[in-house]
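User: Got a model here that I'd like to go through. Can you take my questions one at a time?
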Amino acid sequence: FGTIDGSQIHNELEDFILLDDKNFKKKHGVLHPWTKRLLLYVITQMKWFPIQCEFKVYDESLRIGTAIDMVCVNPSNGNLVFLEFKSGFMDYFENTDGYMDKCLNFMKNSPLNWANIQLTFSVLMLLRQNPGISINNTSSYVIRIDDNDIFAYHIDNKFISSMSHSLLKSVSSSLQNK
C-alpha cells in the first residue's frame, strides 16, 4: 500500500513541476491528500521553490545510479535543497533493531537511517557528477508523511562530507563482490 501511495505521490509531485496548471488539473483532477500536504509544506511552510523531481544522479565508475526525489531552491540564500520523501512508516520509522554494518556500523538500523543513507549517497553522487556545486551551498532532508503528520529530518552536511570516502568505497567493494 505504501509503495502504491508513494508512486502516486511521486508522479503528482513531478507533474506539478513539469506541467502548467491547466494540464496538471486535466491529468490529475484531485490530488492525493499527501501530495497536497507535501506541496504546502515545501512551498508554504519551508518556503522552498521546487525545480526538479526525480533528479537522476549516477556514478560512472561504480556504474550505479538513482534519483533524488525533489530538488528545490531556497530563495533566502540561493542554496539547493535535496529531498527524499517517505510515505507511511507511522509507528516504526525511527525504530531500531541493532546497528548497520560495514562503514555504517555506528548507525542504528532503522528505516529513517536507511533513508538518510539513501539521500546521502545520492547527494555524494550529485556532487561528484557536478564538482562546481559546493556542499556548503546545499541542504538535505528526509521528509516522512503519514495520515497525521509531516516530519522533516535534516542531514548535516558534515555527515555527508564525512561519509564521502567510506560510503563510496563500501558500495564499490560490495558491487565488486557480486
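User: Which residue forms a salt bridge with aspartate 59?
Analyst: Arginine 128 does, and the closest N and O atoms are 3.3 Å apart. A salt bridge here is a side-chain nitrogen of Lys or Arg within 4 Å of a carboxyl oxygen of Asp or Glu. Aspartate 59 lies in strand β1 and arginine 128 in helix α4 (residues 111–129), so the pair ties together parts that are 69 residues apart in sequence. Helices (H or I, at least four residues) and strands (E, at least two) are DSSP runs, numbered from the N terminus.
User: What should I know about the source?
Analyst: This is a predicted model: local features need pLDDT of at least 70, side-chain atom pairs count only at pLDDT 80 or more, and totals for chains, interfaces and linings use all residues. Residues are numbered from 1 along each chain as its sequence is written, and side-chain values use heavy atoms, with hydrogens and water left out.
User: Back to that pair. Is aspartate 59 buried or exposed?
Analyst: Aspartate 59 counts as buried, at 4% relative accessibility. Arginine 128 is partly exposed at 46%. The cut-offs are under 20% relative accessible area for buried, over 50% for exposed, and partly exposed in between (1.4 Å probe, protein chains only).
User: How many salt bridges are there by this rule?
Analyst: Five. One of them joins aspartate 146 to arginine 144, with the closest N and O atoms 2.8 Å apart. Aspartate 146 is buried at 2% relative accessibility, and arginine 144 is buried at 3%.
User: What does lysine 25 pair with?
Analyst: Aspartate 21, with closest N and O atoms 3.3 Å apart.
User: Switching to α3. Which of its residues are buried?
Analyst: Trp34, Thr35, Leu38, Leu39, Tyr41 and Val42. They sit on the same side of α3, because they cover an arc of only 160 degrees around the axis. That arc is taken from the directions from the helix axis to the C-beta atoms.
User: And which exposed residues are on the face turned away?
Analyst: Pro33, Lys36 and Gln45. Just after α3, lysine 47 has a positive phi of about 65 degrees.
User: Last one. How do β1 and β2 pair?
Analyst: Antiparallel, over nine bridges, with β1 at residues 49–59 and β2 at residues 64–74. Strands pair if DSSP finds at least two bridges between them. Phenylalanine 49 has valine 73 as its bridge partner in β2. The two strands form a hairpin with four residues between them, and arginine 63 in the turn has a positive phi of about 60 degrees.
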